[in-house]
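Good morning. Please have the sequence and the model open while I talk.

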Amino acid sequence: MLDRFQRKITRLRISVTDLCNLYCVYCKPPQGVHQMPRKEILSFEEIAFVARCATRLGVRSFRLTGGEPLTRRNIESLIASLSEIPGVEDLAMTTNGVALKQHARAIKDAGLRRINISLDSLGEDRFRRITGGGNVRDVLEGIEAAVDAGFEQTKVNMVVIRGTNDDEIEAFARLTLDRPLEVRFIEYMAFGCRMVEEEKFVSSKEVVERIGRLGNLEVVDVDGKRGGEGKTPGLSGPRVSLRGPAKLYRLEGARGVLGLISPVSQPFCGDCNRLRLTSEGKLRACLLAGGEVDIKSILRSKDHAADVTNGRSNPALEQEIRDVFIKVSHMKPKVHSGRGEPVMCQIGG
Ligand code: SAM
């Protein structure tokens with residue numbers, strides 16, 4: 001499936017819930033979030049049906065996000081059913097890690113291959129303030145549990161905000177010295193009516209300069225190789241390229257790697273190969289730009305609903321869903337506006 005700019009769409013991000021157990025200051029809109037009635041959220045059977053149609057168009061990589069995906073009851077069963085779909089080469093999750101200690105082993109056993117954990121401070125008080133009451137120890141234990149469970153990749157994502165957590169850049173970088181983690185620094189983006197004041201923005205360029213002062217920084221190339229040989233920890237496995245938009249570095253002697261994600265200073269739209277399925281069943285072209293089609297109403301139409309629920313083949317419906325994918329892929333803008341109108345926690349970052 002190619003979009004209008006010849007980008008090959010191979011990835012789908014699936015938001016499995018709009019609920020979250022944290023209330024991060026930079027993520028939730030100041031006016032609060034309108035919670036979706038439960039019946040509006042796609043069922044696991046509906047998600048799996050859409051995923052099966054997507055694989056027929058060449059989508060190979062799926063990422064579960066939210067809201068907080070680990071708040072969705074029995075998420076392991078969705079992971080298991082997605083991992084069994086022929087053509088699925090990569091299955092990943094983005095989580096805040098709060099409940100990861102309890103779930104790491106089960107979601108790995110169910111077929112999850114990679115995990116990204118969002119963490120914006122290592123300090124107890126600061127973490128509590130940023131997240132509206134979270135306990136950083138839960139997340140740190142979740143990270144250890146993920147490393148122990150042996151995912152192909154375990155990444156830690158930090159959104160860098162000046163005056164909030166930028167004094168922890170070096171401490172986050174040091175987490176890679178003795179752990180096989182990929183620690184990624186993400187530029188703060190404007191969302192909804194939440195502006196990013198210029199003084200709060202920290203560019204990836206500045207982050208690299210600062211971590212460069214900790215020791216020799218070597219560039220790790222986009223295929224995950226270092227100096228033309230050897231792979232970054234855990235980059236074996238699926239044939240689909242696992243490299244996301246991060247530029248990678250390694251501190252000399254470190255077990256893990258550092259990633260820089262620069263949606264603001266260097267938008268990576270030219271390489272964008274993904275679509276997004278929202279928790280209430282809209283297929284979206286882009287995180288930041290408009291363009292979406294309601295898939296749920298098609299799945300729930302009276303002619304189709306029983307087949308979807310029972311996982312039965314329905315060629316006419318499958319064709320209809322594939323047509324929606326093609327339509328939405330053609331809505332992908334060449335470059336996004338750099339500013340999201342919608343709410344991050346509802347689409348899934
Ligand atoms: N609850 C999960 C989590 O915390 O990872 C998944 C959803 S959360 C919306 C996904 C990611 O979006 C998190 O890593 C979060 O830090 C990031 N995010 C939210 N608002 C952001 C913003 N304004 N700029 C950059 N990243 C943001």
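**Glutamate 280 and the rest of the chain**

I start with glutamate 280, which counts as buried because its relative accessibility is 17% and the cut-off for buried is under 20%. Bear in mind throughout that this is a predicted model.

Where does glutamate 280 sit? Its place is in the loop between β12 and β13, and β13 covers residues 282–284. The side chain of glutamate 280 makes a polar contact of 3.1 Å with the side chain of threonine 278. Leaving out residues up to four places away in sequence, glutamate 280 touches Met36, Glu40, Leu42 and Lys296.

Next, the strands. Find β10, residues 247–251. How many of its five residues are buried? Four are, and the strand is described as mostly covered.

β10 pairs with two strands that I want to show you. One of them is β7, residues 217–220, which pairs with β10 in the antiparallel sense over four bridges. In that pairing, leucine 217 stands opposite leucine 251 of β10. The other is β11, residues 257–261, and here the pairing with β10 is antiparallel over three bridges. Tyrosine 249 stands opposite leucine 258, which belongs to β11. β10 and β11 form a hairpin, with five residues between the two strands. Look at glycine 253 in that turn: its phi is positive, about 85 degrees.

Now the ligand. Which residues come nearest to it? There are 16 residues around the ligand, and the nearest are Tyr26, Gly67, Glu68, Ser118 and Met189. Sorted by class, the shell has six nonpolar, eight polar and two charged residues.

For glycine 67, a backbone N or O atom is 2.8 Å from a nitrogen atom of the ligand. For methionine 189, a polar backbone atom is 2.8 Å from a ligand nitrogen. For serine 118, a polar side-chain atom lies 2.5 Å from an oxygen atom of the ligand. How much of the ligand does the protein bury? Taken alone, the ligand exposes 550 Å², and the protein buries 93% of that.

Last, the whole chain. The protein chain has 349 residues, and 54% of them count as buried. Its secondary structure comprises eleven helices and 14 strands. The chain exposes about 15200 Å², and carbon and sulfur atoms supply 50% of that area. As for contacts, take those with a separation of 6 or more: residues 24 or more positions apart account for 74% of them.

Methods
Residues numbered from 1 in each chain as written. Predicted model: local features only at pLDDT ≥ 70, side-chain atom pairs only at ≥ 80, totals over all residues. Heavy atoms only, no water. Near = heavy atom within 4 Å. Polar contact = N/O pair within 3.5 Å; in protein donor to acceptor, adjacent residues only side chain to side chain. Areas by Shrake-Rupley, 256 points an atom, 1.4 Å probe, with all protein chains shown as cover. Nonpolar A, V, L, I, M, F, W, Y, C, P; charged D, E, K, R; others polar. Buried < 20%, exposed > 50% of the residue type's maximum accessible area, 1.4 Å probe, protein only. Pairing = 2+ DSSP bridges. Contact = heavy atoms within 4.5 Å.
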